[in-house]
Amino acid sequence: MTFPTCLPVSRVPDPAAALPLGWGIAGPGWIAERFAHALTAHTRQRLAAVGSRSRARAAAFAERWDIPRAYDDLAQMNADPGVDIVYVATPHNHHLPVALAAIEAGKHVLVEKPLALNVAEAERLRDTARQHGVLLVEALWTAFLPKFDVIRQLLDDGALGKVHTVIADHGEHFGPDHRIMRPDLAGGPMLDLGTYAVALSQMVLGEPEDVRTVGAPASSGVNGQVGMTFRHAGGALSLLHCTLLGHTTCQAVLSGTDGMLTMPRKFYEPGSFILQAIDLTTRLVHDEAASGYAGLCHEIAHIAECVAEGRSESPVLPLEQTIATLRSMDRVRERLGIVFDEERSA
């Protein structure tokens, strides 16, 4: 294939075009605040209710975002006829019970990534959603960004030739009181940060045939950082890293026989990327505003479109793709001896 002379145009629709649904938020925490802002500022969706174990937290969140109903019992929110879909934004180890309850109440469900702690939990959610005929999607917002739609088009068109290397890094600093530092909340970098790197790797190269890992602990007892090497079909490699011990550049590189694509900063967020021919003489730049978590609006609108179209899962992020990412992360954790409390009790 001839190296492209211009980049494809994103096919992601205007997030304000999606027909509005009534959304219930389960877990009014940090990511829920950003979700609520993206929804109210950039879509026509409605925040119908918020639920928390704490009535005070639910009421305060409802007041900030002008949400008409606040519940301290999620079963009551699930029974609310004004709630069409529940966004699960609880800590990771509560995703399974909270999402299951919403599904069994007949609600569509968007679960903040990771969908579940492991493959077994994810498959249980998938099977239950199918039994009840509702939509279930992991809220891996990266997958729905315009930037990644353009990247998928380039990969489908073979612009990079045969991709042989994926490099992705994600590091952030977290204080000692953050939930990610707590073993009882399934802490450590894999589920929060590693999901992005592993999902990118498998979007490009598929599931690995072989997984090699090395890790180091944090002072709180959770895993602190992980280095991963995946070997894929045909000998392609992914070199992945995530850490909660400090900030890193959060770059990603896709390298192929015909070219290289570089995301120079926070590859998982809205922003620019650079496509270069193999001889580095041709350079194309995708210029996208680094709008941060406002980009959650694309995931929100896409889910609303899926509901309107009667879909049981997202064509952009099918459940089997989500489960495949978890399967690789299960393999990484197995090699490092990382077991969550819920897995021990199970």
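Helices H4 and H5 are roughly parallel to each other, a label for angles under 35 degrees, with over 145 called roughly antiparallel, 65 to 115 roughly perpendicular and the rest oblique. This is a predicted model, in which local features need pLDDT of at least 70 and side-chain atom pairs count only at pLDDT 80 or more, while totals for chains, interfaces and linings use all residues. Residues are numbered from 1 along each chain as its sequence is written, and side-chain values use heavy atoms, with hydrogens and water left out.

**The helix pair**

H4 spans residues 95-104 and H5 spans residues 119-132; their axes come within 9 Å and cross at roughly 10°. Axes are lines fitted to C-alpha atoms, for helices over the stretch in contact, and angles run from 0 to 180 degrees between N-to-C directions. Helices (H or I, at least four residues) and strands (E, at least two) are DSSP runs, numbered from the N terminus.

H4 contributes Leu96, Ala99, Leu100, Ile103 and Glu104 to the contact. From H5 come Glu121, Arg124, Leu125, Thr128, Ala129 and His132. Contact means heavy atoms within 4.5 Å. By class, this contact has 6 nonpolar, 2 polar and 3 charged residues. Here Ala, Val, Leu, Ile, Met, Phe, Trp, Tyr, Cys and Pro count as nonpolar, Asp, Glu, Lys and Arg as charged, and the others, Gly among them, as polar.

**The sheet**

Six strands form an open sheet in the order E3-E2-E1-E4-E5-E6, with parallel pairing. Strands E3 (69-71) and E6 (136-139) stand at the edges, each with a single partner strand, so one side of each has no neighbour in the sheet. Neighbouring strands are turned by 25° against each other on average, direction ignored. Helix H8 (residues 296-308) packs on this sheet and touches E1 (22-26), E4 (85-88), E5 (108-112) and E6. The direction of H8 makes about 155° with that of E5.

Two strand pairings are set out below. Strands pair if DSSP finds at least two bridges between them.

| E2 (residues 46-51) and E3 | parallel | 3 bridges | Ala49 with Arg69 |

**Aromatic pairs**

The count comes to 6 aromatic pairs. Rings of Phe, Tyr and Trp (its six-membered ring) pair if their centres lie within 6.5 Å; planes under 30 degrees apart count as stacked, over 60 as edge-to-face and the rest as tilted. Trp141 and Tyr293 are stacked, at 5.0 Å centre to centre with 20° between the planes. They sit 152 residues apart: Trp141 in the loop between E6 and H6 (146-157), Tyr293 in the loop between E14 (283-286) and H8. Trp141 is buried at 1% relative accessible area, whereas Tyr293 is partly exposed at 24%. Buried means under 20%, exposed over 50%, partly exposed in between (1.4 Å probe, protein chains only). Trp23, Phe35 and Tyr87 form one aromatic cluster.

**Backbone exceptions**

Most residues other than glycine have a negative phi, and most peptide bonds are trans. The bond from Lys113 to Pro114 is cis, with omega near 0°. Pro114 lies in the loop between E5 and H5. Asp66 has a positive phi near 55° and is exposed, at 70% relative accessible area. Lys266 has a positive phi near 45° and is partly exposed, at 27%.
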